[in-house]
Amino acid sequence: MEFKEIRLSDIYIPDEVLREYGDPEKLEELKQSMREYGLLNPVTVVREGDKYRLVAGLRRCVAAIQMGWDSIPAHIIDERDEDILDIITLEENIKREDVSPIQEGRWFKKLMAKGYTMEEIAERIGKSYAYVQQRVALTEAEQDLQEAVESGKISFTVAREIMGIKNPRHREYIKHLAITTGANSEQVIAWKKSLEEDERVRGYTESDYELLKQEEPEREPMTICPVCKREYPVGTGIAIVFCPDCYRIVVEQLRGGE
């Protein structure tokens, strides 16, 4: 990798790189930093003939152009080093505020197809193994769950909780409720516990659920309150998170008032 100052007029910015460069206030902060300290993090380019194609550092280039700089420090890499290009592009994208977990997961899978392990990717980008693994897992989840995350209907943490539900019936119920109500992860956890309690109290098996579905096709999904043991529609309960000791006290007090 070569390092040198190159003229800004010699840098070509591809359409896929040329995007909105974020908050104008943050750009002003970057320009102020560059005025005081120079460019601490050089841009990255690939040589193309007598010009250069920008790989990483759009905001830095924009700031330099607006300040009237003629040149900018740059790392110049060989376009044949595809793995390096992929890693640099990934690192640049992860810094963006608008990149989605699914987009990250797709980049991780692309690198894995080239021989990188999740551990190597995590170390290279300064993230945990779980960070990489969970985003890869999301790209392999059912399509409606991916679309819900991509569109912002549910958060990644909610999707992660849903992916951890092994019971297919529970998963479908909770996924539907989360997508339609915009539930948070605490609510999803509460629904999961409630449905598990429902099964424990009723003793239902998966085959029982299928029979009920055939007999009552229009029946609203119900669950059981762990305190009073009465049925109520799934999704209408209120989730409050207690420590085990406080939960036990609340349950005892409520049952004592019956």
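This report describes the fold of one protein and then some of its residues.

The model is predicted: local features need pLDDT of at least 70, side-chain atom pairs count only at pLDDT 80 or more, and totals for chains, interfaces and linings use all residues. Residues are numbered from 1 along each chain as its sequence is written, and side-chain values use heavy atoms, with hydrogens and water left out.

**Overall make-up**

The protein contains 12 helices and 7 strands. Both are DSSP runs numbered from the N terminus, with at least four residues (H or I) for a helix and at least two (E) for a strand. Of the 258 residues, 37% are buried. Buried means under 20% relative accessible area, exposed means over 50%, and partly exposed lies in between (1.4 Å probe, protein chains only). Contact means heavy atoms within 4.5 Å. Among contacts between residues at least 6 apart in sequence, 65% join residues at least 24 apart.

**The sheet**

An open sheet of 5 strands has the order S1-S5-S3-S4-S2, with mixed pairing. Strands S1 (2-7) and S2 (11-12) are at the edges with a single partner strand each, so one side of each has no neighbour in the sheet. Two strands count as paired if DSSP finds at least two bridges between them.

Strand S3 (residues 43-48) runs parallel to strand S5 (residues 71-77), and 4 bridges join them. On that side, Val-46 has Ile-77 of S5 as its bridge partner. S3 also pairs with strand S4 (residues 51-56), in the antiparallel sense and over 5 bridges. Here Thr-44 is the bridge partner of Ala-56 in S4, and Glu-48 stands opposite Lys-51 in S4. The hairpin of S3 and S4 has 2 residues between the strands, and Gly-49 in this hairpin takes a positive phi near 65°.

Helix H2 (residues 58-66) lies across S2, S3, S4 and S5 and runs at about 125° to S4. Such angles run from 0 to 180 degrees between N-to-C directions, with axes fitted to C-alpha atoms, for helices over the stretch in contact.

**Helix H4**

Helix H4 (residues 101-113) has 13 residues and reaches 18 Å from its first C-alpha to its last, close to the 18 Å expected at 1.5 Å a residue. The expected span is 1.5 Å times one less than the number of residues. Its buried residues include Ile-102 and Phe-108. Just after H4, Gly-115 has a positive phi of about 110°.

**Selected residues**

| Residue | Relative accessibility | Class |
|---|---|---|
| Cys-61 | 1% | buried |
| Trp-191 | 6% | buried |
| Gln-146 | 7% | buried |
| Cys-246 | 38% | partly exposed |

Gln-146 belongs to helix H7 (residues 143-151). A polar atom of the Gln-146 side chain lies 3.0 Å from the backbone oxygen of Thr-139. Leaving aside neighbours within four places in sequence, Gln-146 is in contact with several residues, among them Ile-102 and Arg-106.

Trp-191 is placed in helix H10 (residues 185-202).

The structure holds 0 disulfides. A disulfide is counted as a pair of cysteine sulfur atoms within 2.5 Å.

Terms used. A polar contact is a pair of N or O atoms within 3.5 Å; within protein, one must be able to donate a hydrogen and the other to accept it, and residues adjacent in sequence count only if both atoms are side-chain atoms.
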